[in-house]
Amino acid sequence: MFDQLREDMAAIMARDPAAKSKLEVLLCYPGLKAIRAHRRAHKAFVKGHVTLARIISQRSRHKTGIEIHPGATIGKGFFIDHGDGVVIGETTIIGDNVTIYQGVTLGGTGKETGKRHPTIGNGVTIGSGAKVLGPITIGDNVKVGAGSIVLKDVPPDCTVVGNPGRIVRKKNVKRNEIDLDQVNLPDPMMEKMQALYERLTHMEQCLARRACEMGCHECVDGCQIQKDLTEAKNTEV
């Protein structure tokens with residue numbers, strides 16, 4: 001038990017720059033209190049003491065704002081940062097060295113029976129407000145961006161953003177490396193809009209040149225359009 005507590009505390013000290021001492025972590029971190037309560041509740045749940053397990057989990061929920069069903073299976077090195085509003089469903093399976101932030105839901109999608117909650121691999125980071133729903137699998141070293149809604153399986157070593165969640169980047173990740181950066185994420189919609197803008201600009205330039213060559217007076221002053229586009233391009237440079 002004490003070895004497990006030390007591992008949980010070490011995970012917090014390693015990943016939270018605000019943690020100044022182990023005593024502070026032990027006394028003041030709701031995520032640590034929630035996971036300690038969950039480990040007790042899970043043992044009772046596995047032994048068949050379901051009501052006792054739910055009582056322990058609900059008391060922890062009222063104290064910490066974090067609701068973890070006692071049936072959930074959670075590995076070592078689990079870190080819930082801030083934690084308020086976190087919900088983890090009954091059949092959720094979480095691997096080792098996983099980090100989740102406030103407002104995260106690992107839930108189901110309806111009234112399914114059996115395995116109805118996600119399986120989270122090792123080294124996964126799930127940003128604040130993200131929802132991972134259904135009996136899907138999130139591979140090792142995946143990063144889920146804040147506010148994302150993930151409804152389909154995600155292969156290892158990927159980044160997922162958006163609603164619905166889209167895989168926007170695959171990269172080589174060093175094993176046992178935990179990526180906590182929640183700011184420098186790719187924006188696929190902006191990238192597509194930028195590509196479309198560049199194509200339209202190129203098309204307008206081509207049309208304007210052709211209008212000038214043909215001496216077209218019915219269109220909107222093609223030569224002036226070409227001149228304006230050229231000046232704008234030179235200004236950007």
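I began with threonine 105 and looked up its contacts (heavy atoms within 4.5 Å): leaving aside neighbours within four places in sequence, this residue touches Val87, Ala130, Lys131, Val132 and Leu133. I note that this is a predicted model, in which local features need pLDDT of at least 70 and side-chain atom pairs count only at pLDDT 80 or more, while totals for chains, interfaces and linings use all residues. Residues are numbered from 1 along each chain as its sequence is written, and side-chain values use heavy atoms, with hydrogens and water left out.

I then placed threonine 105 in strand 7, residues 105-107 (strands are DSSP runs of E with at least two residues, helices are runs of H or I with at least four, and both are numbered from the N terminus). Threonine 105 counts as buried because its relative accessible area is 18% (buried means under 20%, exposed over 50%, and partly exposed in between, with a 1.4 Å probe and protein chains only).

Lys33, Arg36, Arg40, Arg59 and Lys63 form a positive patch, to which helix 3 (30-46) and helix 4 (50-64) each give two or more residues. Helix 3 supplies the largest share, 3 residues, and I found arginine 40 in this helix.

Last, I looked up a nonpolar patch of about 400 Å², made by Leu196, Leu200, Met203 and Leu207. Leucine 207 lies in helix 5, residues 188-214, and is exposed, with a relative accessible area of 57%.

How values were computed
Patches are made of residues with over 30% relative accessible area and no salt bridge: like charges are joined within 9 Å, nonpolar side chains (Val, Leu, Ile, Met, Phe, Trp, Tyr) within 5 Å. Accessible areas come from the Shrake-Rupley method with a 1.4 Å probe; for residues, only the protein chains shown count as cover. A salt bridge is a side-chain nitrogen of Lys or Arg within 4 Å of a carboxyl oxygen of Asp or Glu. Lys and Arg count as positive and Asp and Glu as negative; His and the chain ends are not counted. The place of a charge is taken as NZ of Lys, CZ of Arg, CG of Asp or CD of Glu.
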